[in-house]
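Subject: Structure handover

Hello,

As promised, here is the structure I mentioned, ready for you to open in your viewer. My notes on what turned up follow below it, and I would be glad to hear what you make of them.

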Amino acid sequence: MNIYPGVWLHDHFYRKYCGKPLRGLTDGNWFLLNVREAIACNPLIFSDLEKLGVKCIEFGGRLATAEQMQASLNSRRNIPLILHTEGDPSPEKIASPNDHIALGAFYNILRNIDLCHALNAKKLVLHFPPFNRKMLEICKSIVSYAEARQVILAIENCQYGIAGIDNMLSYREHLPSEFLKFTFDTGHANIGGNPVELLKMVLSDVTHIHWHDNEGRSDRHLGPGMGNINFKELTTSLRRKAKHEITITLECDKPWCVDYEKAFQELKQQVER
């Protein structure tokens, strides 16, 4: 099997054990865990994930939080980890006209790569800005840094529809490297585009997928089946054509309308058939 279904180490599991999320909104108000509370929850969460049969986990949130949780994340029972964090400034700010902000974003990407290396996380999901030839040298240095630490940079299709796909392909054309791959976000592709057709355009370079639904108008992060994405056709295409390893994480967390663990089991059954 080349497809490895997983979950986000995110709000659902922290709500389950601690009664409040690591990040996110609850009834319009912030009720966030602090890092110490999250670390205390992690042994129970990792045990739960092992029982669920997850094949990977994705950690998203603040880079500083992930750095503080490093020792705890390293006790994750050998479940493969994908890192997806944001510093301040965030990675896409490498294109900022403000040199100080751009430099800060650059060094935060390097910090993310270093943390991946320390956590034995093989993939780093990145939100890169629209491609610009002026950024080529700085992007080359980022890719070289990742290569030296054996970390795959998985650029996400952040722009909606075909624009996100074209952007990823522009980076691939100008930065050929086995350590530069793609994260395909089904919800982003569905806004103004056909996810099944768009996936075909980049599948050979897709290393990771964000799996969630919407009605094609806004990025709602709904559970599969709650929007209009044809996940059956997406899954069929993946199972037939994916010749390399692809990890998938279920990127929806709507406690008022999504049974997250049930949705994961459905994803797992679909891709492991």
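F13 is buried, with a relative accessible area of 1%. Please keep in mind as you read that this is a predicted model. The search over the whole structure gave 5 aromatic pairs, and F13 belongs to one of them: its ring centre lies 5.9 Å from that of Y260, and because the two planes stand at 90°, the pair counts as edge-to-face. What I like here is how far apart the partners are in the chain: F13 sits in helix 1 (residues 11–18) and Y260 in helix 11 (residues 260–272), 247 residues apart. Y260 is buried as well, at 2% relative accessible area.

Another edge-to-face pair is made by F131 and Y171, with 5.2 Å from centre to centre and 90° between the planes. This one also links distant parts of the chain, 40 residues apart: F131 is in the loop between strand 4 (123–126) and helix 6 (136–148), while Y171 is in helix 7 (residues 162–174). Y171 has a relative accessibility of 0% and so counts as buried, the limit being 20%. If you display F128 together with F131 and Y171, you will see that ring pairs join the three into a cluster.

Two arginines are worth a look while you have the rings on screen. The charged end of R149 sits over the ring of Y145, 3.6 Å from the ring centre. R172 does likewise with F182, its charged end being 6.0 Å from the centre of that ring.

Now to the strands. Which residues cover the two faces of strand 4? K123 and V125 lie on one side, L124 and L126 on the other, and all of them are buried. Strand 4 has a parallel partner in strand 3 (residues 81–86), with 2 bridges between them, and I82 stands opposite K123. Strand 4 also pairs in the parallel sense with strand 5 (residues 152–156), this time over 4 bridges.

Strand 3, helix 5 (residues 99–119) and strand 4 form a right-handed β-α-β unit. A right-handed β-α-β unit is also made by strand 4, helix 6 and strand 5.

Next, two residues picked out with their surroundings. H212 lies in the loop between strand 7 (206–211) and helix 10 (231–241). Is H212 buried or exposed? It is buried, with a relative accessible area of 0%. Its side chain makes a polar contact of 2.7 Å with the side chain of D185. Leaving aside residues up to four places away in sequence, H212 touches a list of residues that includes D185, T186, G187, D219, H221, E251 and C252.

T65, in helix 3 (residues 63–68), is buried too, at 12% relative accessible area. With residues up to four places away in sequence again left out, T65 touches V35 and F59.

Finally, some backbone geometry to check. Most residues other than glycine have a negative phi, and most peptide bonds are trans. Against that background, these places deserve a visit:

- D88 and P89 are joined by a cis peptide bond, with omega at about 10°; P89 is in the loop between strand 3 and helix 5.
- N120 has a positive phi of about 55° although it is not a glycine. It lies in the loop between helix 5 and strand 4 and is partly exposed, with a relative accessible area of 48%.
- H221 has a positive phi as well, near 55°, and is likewise not a glycine. H221 is in the loop between strand 7 and helix 10, and it is one of the residues that H212 touches.

Do write back with any thoughts once you have had a look.

Best wishes

Key
Residues numbered from 1 in each chain as written. Predicted model: local features only at pLDDT ≥ 70, side-chain atom pairs only at ≥ 80, totals over all residues. Heavy atoms only, no water. Phe/Tyr/Trp six-rings, centres within 6.5 Å; stacked < 30°, edge-to-face > 60°. Buried < 20%, exposed > 50% of the residue type's maximum accessible area, 1.4 Å probe, protein only. Lys NZ or Arg CZ within 6 Å of the ring centre and 35° of its normal. Pairing = 2+ DSSP bridges. Right-handed = clockwise from strand over helix to strand, strands pointing away. Contact = heavy atoms within 4.5 Å. Polar contact = N/O pair within 3.5 Å; in protein donor to acceptor, adjacent residues only side chain to side chain.
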